[in-house]
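Here are my notes on this model, as numbered points. Please read them with the structure open.

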Amino acid sequence: MAAVGIPRDDPAVRAGINWLLAHQQPCGGWGETPESYEDVSLRGTGPVTPSQTAWALLPLIAFGMAEHPAVLAGIRWLAENQNEDGSWSQEHFTGTGFPAVFYLRYHYYHQYFPLMAISRWLNAIKG
């Protein structure tokens, strides 16, 4: 939405930003369990994952929030949860084939989405 010029104060954008900020976990990351498909009370909750944290960071950064405390906490979570070789581990499913039927593990999502989020964050704070 940011890439096509929709402003940050657009009601849909504002709602999305507010939802992301409201569902950040105390550790600084984001995660959602696949069980949220069947139990809506679980939406936005679950084990924190590198890919889901990056997915939350990318729109916040895109809408000019690179220095917001939530973004800084998310970037910190990614940095603190990196493996020694620079990769991230992710045991939980984050892809859905059919809700409540089968879930997918995309083997590189937890590598390239965090790298994308960190690189966009670095570009944003450098101006």
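1. Start with S36, which sits in the loop between helix 1 and helix 2. This is a predicted model, so local features are read where pLDDT is at least 70. S36 has a relative accessible area of 3%. Buried means under 20%, so S36 counts as buried.

2. What does the side chain of S36 pair with? A polar contact of 3.1 Å links it to the side chain of E32. Leaving out residues up to four places away in sequence, S36 also touches L42 and R43.

3. Next, the largest nonpolar core. It holds 23 residues. Within it, L57, L60 and V71 touch the most other members. At least two residues come from each of helix 1 (11–22), helix 2 (50–62), helix 3 (69–80) and helix 4 (109–126). Helix 2 gives the most, with six residues. As a general point, nonpolar side chains in soluble globular proteins tend to be buried together.

4. L60 deserves a look of its own. Not counting residues up to four places away in sequence, L60 touches I17, L20, L21, W30, M65, A66 and V71. L60 is also among the buried residues of helix 2.

5. How well covered is helix 2? Mostly: 10 of its 13 residues are buried. The buried set is P50, S51, Q52, T53, A54, A56, L57, L58, L60 and I61. These buried residues pack against helix 1, helix 3 and helix 4.

6. The length of helix 2 checks out. After helix 2 comes G64, with a positive phi near 80°.

7. Now strand 2 (residues 102–104), where L104 is found. Is L104 buried or partly exposed? Its relative accessibility is 25%, so L104 counts as partly exposed. The cut-off for buried is under 20%.

8. Finally, the partners of L104. L104 and F93 are 11 residues apart along the chain, and their C-alpha atoms are separated by 5.9 Å. Setting aside neighbours within four places in sequence, L104 is in contact with F93, T94, G95, T96 and G97.

Conventions: Residues are numbered from 1 along each chain as its sequence is written. Side-chain values use heavy atoms; hydrogens and water are left out. A nonpolar core is a set of buried Ala, Val, Leu, Ile, Met, Phe, Trp, Tyr and Cys residues joined through side-chain atoms within 4.5 Å. Buried means under 20% relative accessible area, exposed over 50%, partly exposed in between (1.4 Å probe, protein chains only). Helices (H or I, at least four residues) and strands (E, at least two) are DSSP runs, numbered from the N terminus. Contact means heavy atoms within 4.5 Å. A polar contact is a pair of N or O atoms within 3.5 Å; within protein, one must be able to donate a hydrogen and the other to accept it, and residues adjacent in sequence count only if both atoms are side-chain atoms.
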